[in-house]
Amino acid sequence: MALAIPASGCGREKEADLVTGKTLFSQKCGSCHALERAGTKGKQGPDLDEAFGPARRDGLGESTVEGVVLDQIGLVRKNSTMPADLVTGPEARAVAAYVALVAGQPGKDQGALANAGRPKVSNKPIAAKGGKLQIDADPTGALAFVTSKATAMAGPLMFVSENKASIPHNIAVKDSGGKLLGEGPDVTGGTSKFSTKVKAGKYTFVCTVPGHEEGGMKGDLTVK
Ligand code: HEC
């Protein structure tokens with residue numbers, strides 16, 4: 001098993017670091033990078049399982065991968081869309097250690113790692129009130145809204161989404177055929193909103209920033 005951690009104090013410290021690393025990865029890196037075991041599906045940067053899987057299978061060690069990831073975080077190539085120093089010091093080491101542990105590696109995260117970094121998405125529907133439907137973006141930077149379900153009455157409807165995260169998001173609505181019916185502006189640390197008219201039926205609310213809907217930033221809207 002990949003995570004057979006000894007019951008010594010040192011082992012627990014290592015596990016705590018990995019939990020921190022996974023949480024930070026989900027918040028700071030997952031919107032651009034897919035990594036299966038972290039559950040992230042970002043598309044702007046390389047898929048990290050594909051980036052490291054073949055080399056790991058060819059015998060490249062975990063500590064080498066850790067070094068490569070740490071270098072990438074601190075020494076991003078000039079003009080890269082990847083921001084430099086998203087995390088620094090012990091936090092950067094924790095992220096690198098987590099990526100090195102899981103990238104391209106089969107299996108599932110166990111123990112305290114299993115749920116670390118997962119966005120808190122409620123499956124309790126948010127209901128529109130007074131013609132306004134507010135569905136905020138996950139505040140940590142994960143590709144998710146705070147709920148996966150919403151309801152509203154037919155008629156004019158204002159969609160509102162507050163985004164407290166440091167990456168851009170918006171809110172938009174699509175009909176059951178996937179046609180975009182309306183979308184708010186992309187905002188970073190602000191509120192995206194727009195108004196449209198909806199008839200009874202099934203819709204999806206999504207974030208249309210490239211890669212975000214595919215990454216899981218969507219939910220079902222039922223209009224009655
Ligand atoms: C805004 C999008 C974005 C964010 C956020 C981001 N990256 Fe990247 N990353 C990229 C892009 C684009 C590349 C491709 C190479 C380049 O441009 O330097 C990349 C390359 C990499 C690579 C090299 C992969 C390879 O194929 O060799 C690693 C490792 C990496 N990123 C790790 C991270 C980690 C860890 C974080 C979080 C601390 C992070 N990235 C955050 C966009 C991003």
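Colleague: Which residue in E5 is the bridge partner of Ala127?
Modeller: This is a predicted model, in which local features need pLDDT of at least 70, side-chain atom pairs count only at pLDDT 80 or more, and totals for chains, interfaces and linings use all residues. Residues are numbered from 1 along each chain as its sequence is written, and side-chain values use heavy atoms, without hydrogens and water. Strands (DSSP runs of E, at least two residues, numbered from the N terminus) E3 and E5, residues 149-152, run parallel and are joined by 2 bridges. In E5, the partner of Ala127 is Thr151.

Colleague: Which are the edge strands of the open sheet?
Modeller: The sheet has 6 strands in the order E3-E5-E11-E10-E7-E8, with mixed pairing. Two strands pair if DSSP finds at least two bridges between them. Pairing on one side only marks the edge strands, E3 (126-127) and E8 (180-183).

Colleague: Which residue in E11 is the bridge partner of Tyr203?
Modeller: Strand E10 (residues 201-206) pairs with E7 (residues 172-175) in the antiparallel sense over 4 bridges, and there Tyr203 stands opposite Asp175. E10 also pairs in the antiparallel sense with E11 (residues 218-223), over 6 bridges. In E11, the partner of Tyr203 is Leu221.
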